[in-house]
Amino acid sequence: MQPVVLERDQHGISRRQISENALKVLYRLNKSGFEAYLVGGGVRDLLLGRQPKDFDIATSATPEQVKQLFSNSRLVGRRFRLAHVLFGRDVIEVATFRGHHHEVNNNKNMSSQSSEGMLLRDNVYGTIEEDAERRDFSINALYYNIADFSVVGFANGLKDLEARRLDLIGDPETRYREDPVRMIRAVRFAAKLGLTISPRTEAPIRSLAPLLSDIPPARLFEETLKLLLAGHGLETYRKLRHYELFAPLFPEAAEVMGQGDNSYGRFLELALINTDERIAKDMRVTPAFLYAALLWGPVETRTQQFMHEGGLNYYDAFLLAMDEVLGRQVKSVAIPRRFSSVVRDIWMLQERLTKRSGKRPHRLLEHPKFRAGYDFLLLRAELNPQLKELAEWWTEFQLANPVDRQQLSRGAQARHNQFGDEPRKPRKRPRRRPRKKKEV
């Protein structure tokens with residue numbers, strides 16, 4: 001693999017654009033006699049005029065040698081050993097040049113593959129040329145050399161970047177089988193950077209999409225955060241649907257969409273638009289809100305099924321549906337408890353927000369997840385006209401002073417409104433038993 005080298009005066013990357021901590025690591029590795037490069041997405045984004053989120057480093061030093069050089073480092077990873085150099089909350093990831101796993105002795109501690117070709121362990125080290133061949137896409141086979149400040153590109157990466165083309169290095173089917181996550185990475189990069197996926201790179205995706213079921217749910221949780229919470233969620237979602245990658249990740253949601261529920265698909269798009277807009281405004285977003293939207297359709301569907309088939313009342317059917325949908329979903333993409341509990345709160349609040357009489361609205365305002373539940377209601381109201389009045393009522397109630405809130409609460413005729421809200425039934429006092437007469 002012949003590299004293309006851009007000398008210092010042939011590219012626009014400046015050390016002022018690179019984080020101070022990444023430069024510290026690069027300089028120390030270089031002064032200690034090791035090759036050291038800023039690599040991958042950091043170089044790619046700098047060449048595109050974007051500010052990288054992370055600065056990753058590739059080096060000829062082994063993880064153990066990096067550990068000896070940096071007392072503020074730790075070794076992580078089992079599939080491929082890495083060094084994390086810690087500067088407070090800033091983490092600089094340092095990886096040793098990877099080699100070809102098929103060229104080493106069959107040492108299971110170094111390299112291992114599944115029967116379907118997926119790499120299970122990959123602690124094989126090599127040269128920069130071998131490392132470039134092991135990278136997934138050509139636009140990530142780019143290296144910024146701290147020794148002479150040149151940019152080294154492999155596999156036509158510089159040409160592909162200029163053409164805004166996403167091309168996989170090597171045989172696509174083999175590379176996808178090695179790591180099926182590369183399929184969703186292709187979609188993510190295409191959506192994030194506005195790239196066109198090359199025909200040979202996209203050709204096997206649909207047939208190999210089921211391989212995502214072999215990936216641990218915890219890893220897919222991290223990948224879905226990158227997919228949908230990076231500011232390009234709507235475009236990424238559409239590409240996932242286009243390449244049939246959405247169903248392996250969210251089978252419950254895909255099943256409802258397969259039943260022709262266009263309103264649910266539109267609801268998901270509104271949630272993603274809302275998330276993208278918040279990220280663009282540098283506002284806080286939480287995975288829980290997005291997961292609540294992604295799984296709301298299945299919860300509603302299962303609730304109705306439990307009511308009709310099992311004769312359950314709405315509340316019991318709703319609780320059962322929540323448990324079942326979340327239980328099935330975590331088999332594909334894990335949802336940590338800190339998020340799944342918030343998802344449940346958001347869903348439960350949808351029913352509680354219909355109760356507007358008495359002191360209940362005042363208590364709901366104090367609920368720690370009220371705002372998330374209210375925002376979710378607003379999202380639902382955009383597609384359901386029957387919820388519009390309810391959403392407007394809660395908007396007015398929040399802005400009103402205490403006196404007006406009392407009037408709004410009294411005016412809510414819960415028993416007769418179209419949202420099914422009923423006033424609390426008066427509690428019956430238990431009948432007192434007559435005292436027994438003492439025997440004389």
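These notes go through the predicted model point by point, from the whole chain to single residues.

1. **Basis.** The model is predicted: local features need pLDDT of at least 70, side-chain atom pairs count only at pLDDT 80 or more, and totals for chains, interfaces and linings use all residues. Residues are numbered from 1 along each chain as its sequence is written, and side-chain values use heavy atoms, with hydrogens and water left out.

2. **Overall content.** The protein chain holds 21 helices and 12 strands. Helices (H or I, at least four residues) and strands (E, at least two) are DSSP runs, numbered from the N terminus. Of the 440 residues in the protein chain, 48% are buried. Buried means under 20% relative accessible area, exposed over 50%, and partly exposed in between (1.4 Å probe, protein chains only). Among contacts between residues at least 6 apart in sequence, 68% join residues at least 24 apart; contact means heavy atoms within 4.5 Å.

3. **The sheet.** Eight strands form an open sheet with mixed pairing, in the order β1-β10-β9-β2-β3-β6-β5-β4. Its edge strands are β1 (4-6) and β4 (73-76), each pairing on one side only. From one strand to the next, the twist averages 30°. Helix α1 (residues 20-31) packs on this sheet and touches β2 (36-39), β3, β5 and β6. The direction of α1 makes about 35° with that of β6. Axes are lines fitted to C-alpha atoms, for helices over the stretch in contact, and angles run from 0 to 180 degrees between N-to-C directions.

4. **Pairing around β6.** Two strands pair if DSSP finds at least two bridges between them. β3 and β6 (residues 90-96) pair in the parallel sense over three bridges. Thr-59 has Thr-96 in β6 as its bridge partner. β5 (residues 82-87) and β6 pair in the antiparallel sense, over five bridges. Here Leu-86 is bridged to Val-91 in β6. The hairpin of β5 and β6 has two residues between the strands, and Gly-88 takes a positive phi near 65° there.

5. **Annotated positions.** An unreviewed UniProt entry places the feature "active site" at Asp-54, Asp-56 and Asp-136. UniProt positions are given in the numbering used here, feature names are shortened, and annotations may be inferred rather than shown by experiment. Asp-54 is found in the loop between α2 and β3 (56-59). Asp-54 counts as partly exposed because its relative accessibility is 47%.

6. **Asp-136.** Asp-136 sits in the loop between α4 (128-134) and β9 (142-145). Its relative accessible area is 8%, so Asp-136 is buried. Not counting residues up to four places away in sequence, Asp-136 touches Asp-167, Leu-168, Ile-169, Arg-175, Arg-182 and Arg-185. Its side chain also makes a polar contact with the side chain of Asn-140 (3.2 Å). A polar contact is a pair of N or O atoms within 3.5 Å; within protein, one must be able to donate a hydrogen and the other to accept it, and residues adjacent in sequence count only if both atoms are side-chain atoms.

7. **Arg-44.** Arg-44 lies in helix α2 (residues 41-47). Is Arg-44 buried or exposed? Arg-44 counts as buried, because its relative accessibility is 3%. The side chains of Arg-44 and Asp-45 make a polar contact (3.1 Å). Leaving out residues up to four places away in sequence, Arg-44 touches Ile-139, Asn-140, Leu-142, Leu-161, Phe-189, Lys-192 and Leu-193.

8. **Packing of α11 and α14.** Helix α11 (residues 233-242) and helix α14 (residues 262-280) pack at an angle of about 145°. Their axes are 8 Å apart. From α11, Gly-233, Leu-234, Tyr-237 and Arg-238 meet Gly-265, Leu-268, Glu-269, Leu-272, Ile-273 and Asp-276 in α14. The residues of this contact divide into five nonpolar, two polar and three charged. Ala, Val, Leu, Ile, Met, Phe, Trp, Tyr, Cys and Pro count as nonpolar, Asp, Glu, Lys and Arg as charged, and the others, Gly among them, as polar.

9. **Gly-373.** Gly-373 lies in helix α19 (residues 370-381). With a relative accessible area of 0%, Gly-373 is buried. Gly-373 touches Ile-346, Leu-349, Gln-350 and Leu-353, not counting residues up to four places away in sequence. Gly-373 and Val-343 are 30 residues apart in sequence and 9.4 Å apart in space, C-alpha to C-alpha.
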